[in-house]
Amino acid sequence: MIGFLQPLALLGLTAAAIPPLLHLLGRRRPPTVVFPAIQYLTATEREHSRRLKLRNLLLLLLRVAAIVLIVLAAARPVAHVQAGTSHPPTALAIVVDNSLSAGAVVAGQTVLATLATRARDVLERSEAGDQLWLVLADGELRRVTRATAHATLDSLTPWPVRLDLGTAVRAAVRGVRESELGLGEVVVLSDLQASALSSGPPVEGRVLVLEAPSRPENLGVDSAVSEPTRWTPSGSVIASIGGHAAGRTAVRLEIDGVEVARTVASAGDRVVLEGSAPGSGWLTGIVRLDADELRGDDTWYLGIRASGPTAVGVVTHVGRFVEDGLAVLREDGRIALGNVVQLADRPQSGATVVVPPAEPALTGAVNRALAARGIDWRFGELLEGEWSIRGDLPGAGEAVYRRYRLSGSGDVLATVGGDPWLVRTGEVTLLASRLEESWTALPVRATFVPFLEILVSRIAIGSPGIVHARPGEAVRLPGAAVRVELPEGTVAIPASGAILAPQRTGVFMLVDAAGDTVGVLEVNHDARESVLDPADRTALRAALGDGVEVVSEATLARELFGGARRAELTGILLGAALVIVVIELVVATFGTGATRA
Amino acid sequence: MAQRLDLLDPYEVAQLGDLELVARGVVEGFLTGLHRSPFKGFSVEFAEHRPYRPGDELRYLDWKIMGRSDRLFVKQFEEETNLRAMIVLDVSRSMDWTGHERRLTKLEYAKRLVAALSLVLLKQRDATGLIGFDDEVRTVVRANARYRHWWELLAAVSALRPGRGTVAEPALRRVTDLLRRRGLVVFVSDLLLDRELVMLALQFLRHRGHQVMVFHLMDPGERSLEGPPEARFEDPETGTGFVARPRELRGVYERTVRDTVLAWRARCRAGGIDYHHVLTDVPFGRVLRQAANRRSRLG
């Protein structure tokens, strides 16, 4: 069997038409030579015309053959040579895809089990002189022996990570090329997800890719976010369902093991799961789908901060409308009376919503208090006019008539006339206008009470410390956290706050020096692993280069270590071309010499 | 030391003067050192032997009898007359060709050779005539032994212009009308004609008792095939031709020419005809000497 390493060069075969074309184009009217002894010439030509025609045809064929051979040599043909079962020492790297998607069950066993079996088959073909490498889903190049490779394969499980196949193959090729052995091969055993391919420079060397196994239907959770991030104690989770499947699946929300909501969804849906937290504090939420052929992407972990109604107290006079609104919320049980959040005309010790004073002369004292609290924001001049509130919160679009100019830095939650209107730094939230009808139309609108609830229950308290990560990913944790609680024990967080996320999915508590939980680390799978569509040969070659050979199991068995038994025919063809050129020269030069006396 | 014209390059000799001057120069050089007439004895017919007497010329001594009987006899001849020679010159179109600008055409070479040969014959009082032909007889000059007849021959030769095709048989038949007695026929041609027909005519002359001498003229450019990589080779007499590549045919062509010369030589020898292959770059004196030597051996 013959293949070509540079098949594009075969386009050069059109050059084989050059000699016949030259022959045809070169047929012009020759000059006339007066020659009296033409009877001798006639006799000669009559005697040898047939021989000359044959000779010229032979020359034409030789020239065409020489061009064809040179073009074929440029295409670098290789031929498989059957030379027994042994092979010369070879550097062999095996890429085994144990990413999350390899956990899909096909024909009663996981794809990974099938790939591992193929890997063992490959290892069995290796010999003592071979050098072996193993590349798993983390893309790391591992030098192994046959025994350690078998041990690794025996204990291999699907990891909740995404395999970057391009990176893994390039790492494998690099390892093989750096081997002191002259011969090298890379065998890729993967489900060949199209989403796993990353482009890069074409790989050089022999890369055998086992063709993709059949794929099952699959649904997975692509993402899930808590809304709001702090449940009081009710809340909701918005989940996105990914994968590809014709049917629908049940979607459940479990909080600390208790199912609090359920719905059904299909691929591409976004669903809202509403419920009430079964407890308070930091809880572990799981969005779970019904089990399908790929279990690894059927769950999504999220941390939920649950508590009772926010205790709100008014420290100084902040206006009649605010006090009336808080009373309505208290009556409805949405907030409680207390001092978790305080409303005042200057910052207090805890979470504070600063409502500016009516008299501009008092802003100096407020600014000094802000500076003392370490807040960068300052109240400036009083502006009068008419503007609209801009922001993603109730009350957006309502008019503002009077406001202080706010200057400083921090989170800007709403603007008026392009200037900050509602800002927050740490536990201090500032309004640029008093919530009275002479300052803004908001208090006399229906959106005022919802605005007030969000202001005291969510904005003023701030977001809980939730960090999202994928398994093994480097993350930076909140400064207050000093350790992360894992099932197998606690892990100290360095001063920089940067750690590698655990290699498993889950919700992991972040604890401060006092032992209080200050946030959670959510570790979830990569949603791209849920899309099991395989890459075709064109995409594979586009990503990895034309040298990649996609082979069946039978072909893999035949071609394995074939590099050692494959002969590149370039030299032979060039030699043959040289011989033909020499023959052509001899025939052209001495073609009539054979008839000389 | 003066140059002998008979040994110079024919082209250079031709540059020295007209036909007469060249012929005289060549013959003068040719005859230098010869002790007897070079073509003597052609028409002397043997009658009987008589015993040798002191004073007889030794060249008439019959060596064969002396070898057999150890006795000396000399040959006596029935009639000793001057030779009658007829030169038959081919003036066809093919004769008007040279392969190199510094070589004489075959016709120009032949004219000078004929002039020299006729002068040699007339110098030994042999009657000499001329027939010029192409595809028919163009010129006839009857044989005459007077010395001044040479100028008549020269004028006829000079007046000959290249003709058309080549048909030799009428000219050779005409010889039989002009040579009633046995004599010498000198046939000068490039022999680019039908060999069988010509040989038939020459054989007929031989049967009539004539000595026949053939000068086969050939330009050196005809011995090998030269020219552009591909050319249409055209016959100057018929205008026919065909396309050929000299490089491809050269070897075979040379062998064909060689075989042709050998064939002419063999056929002539078999018929008792004196054959001379003459290249037009060979000095005239060498050609004459070679012919004279051959006649001497035959005689």
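Q: Is F233(B) buried or exposed?
A: F233(B) counts as buried, at 0% relative accessibility. Buried means under 20% relative accessible area, exposed over 50%, and partly exposed in between, with a 1.4 Å probe and protein chains only.

Q: Where does F233(B) sit?
A: F233(B) is in strand β8 of chain B, residues 231-234. Helices (H or I, at least four residues) and strands (E, at least two) are DSSP runs, numbered from the N terminus.

Q: Before I go on, what should I know about the model and the numbering?
A: This is a predicted model, where local features need pLDDT of at least 70 and side-chain atom pairs count only at pLDDT 80 or more, while totals for chains, interfaces and linings use all residues. Residues are numbered from 1 along each chain as its sequence is written, chains are lettered from A and ligands numbered from 1 in the order in which they are written, and side-chain values use heavy atoms, with hydrogens and water left out.

Q: OK, salt bridges next. How many are there over all chains?
A: A search of the whole structure gives 43 salt bridges over all chains. A salt bridge here is a side-chain nitrogen of Lys or Arg within 4 Å of a carboxyl oxygen of Asp or Glu.

Q: Which residue does R118(A) pair with?
A: R118(A) pairs with D121(A), and their closest N and O atoms are 3.3 Å apart.

Q: Why are R118(A) and D121(A) separated by about one helical turn?
A: Because they are three residues apart in helix α3 of chain A, residues 111-125. R118(A) is buried, with a relative accessible area of 18%, whereas D121(A) is partly exposed at 38%.

Q: What about R470(A), which residue is its salt-bridge partner?
A: The partner of R470(A) is D526(A), with 3.4 Å between the closest N and O atoms. This pair links distant parts of the chain, 56 residues apart: R470(A) is in the loop between β28 (465-469) and β29 (474-476) of chain A, and D526(A) is in the loop between β34 (517-523) and α9 (537-544) of chain A. R470(A) is partly exposed, with a relative accessible area of 36%, while D526(A) is buried at 5%.

Q: And what joins R504(A) and E488(A)?
A: Their side chains meet in a salt bridge, at 3.7 Å from N to O. This pair also links distant parts of the chain, 16 residues apart: R504(A) is in the loop between β32 (498-500) and β33 (506-512) of chain A, and E488(A) is in the loop between β30 (481-486) and β31 (489-492) of chain A. R504(A) is partly exposed at 40%, and E488(A) is exposed at 59%.

Q: Which residues in chain B are joined into one salt-bridge network?
A: D134(B), D135(B), E136(B), R138(B) and R164(B) are joined into one network by salt bridges that share partners.

Q: Switching topic: how many cavities of 30 Å³ or more does the search find?
A: The search of the whole structure finds one. On a 1 Å grid over the protein atoms alone, a cavity is a set of points where a 1.4 Å probe fits but cannot get out, and lining residues have an atom within 4 Å of a point.

Q: How much space lies in the largest cavity?
A: About 70 Å³ of space lies in the largest cavity. Its lining residues include S101(A), V111(A), D191(A), R215(A) and L532(A). By class, the lining has seven nonpolar, two polar and two charged residues.

Q: One last topic, backbone angles. What is the phi of D256(A)?
A: D256(A) has a positive phi of about 50°, although it is not a glycine. Most residues other than glycine have a negative phi. D256(A) lies in the loop between β14 (249-255) and β15 (258-265) of chain A, and is partly exposed at 45% relative accessibility.

Q: And where is R125(B)?
A: R125(B) is in the loop between α4 (106-123) and β4 (127-133) of chain B. Its phi is positive too, near 65°, in a residue other than glycine.

Methods:
1 Å grid on protein atoms, 1.4 Å probe; cavity = no way out; pocket = protein on both sides within 12 Å on 5 of 7 lines; lining within 4 Å. Points joined across faces, edges and corners; volume = space filled by probe spheres on them. Nonpolar A, V, L, I, M, F, W, Y, C, P; charged D, E, K, R; others polar.
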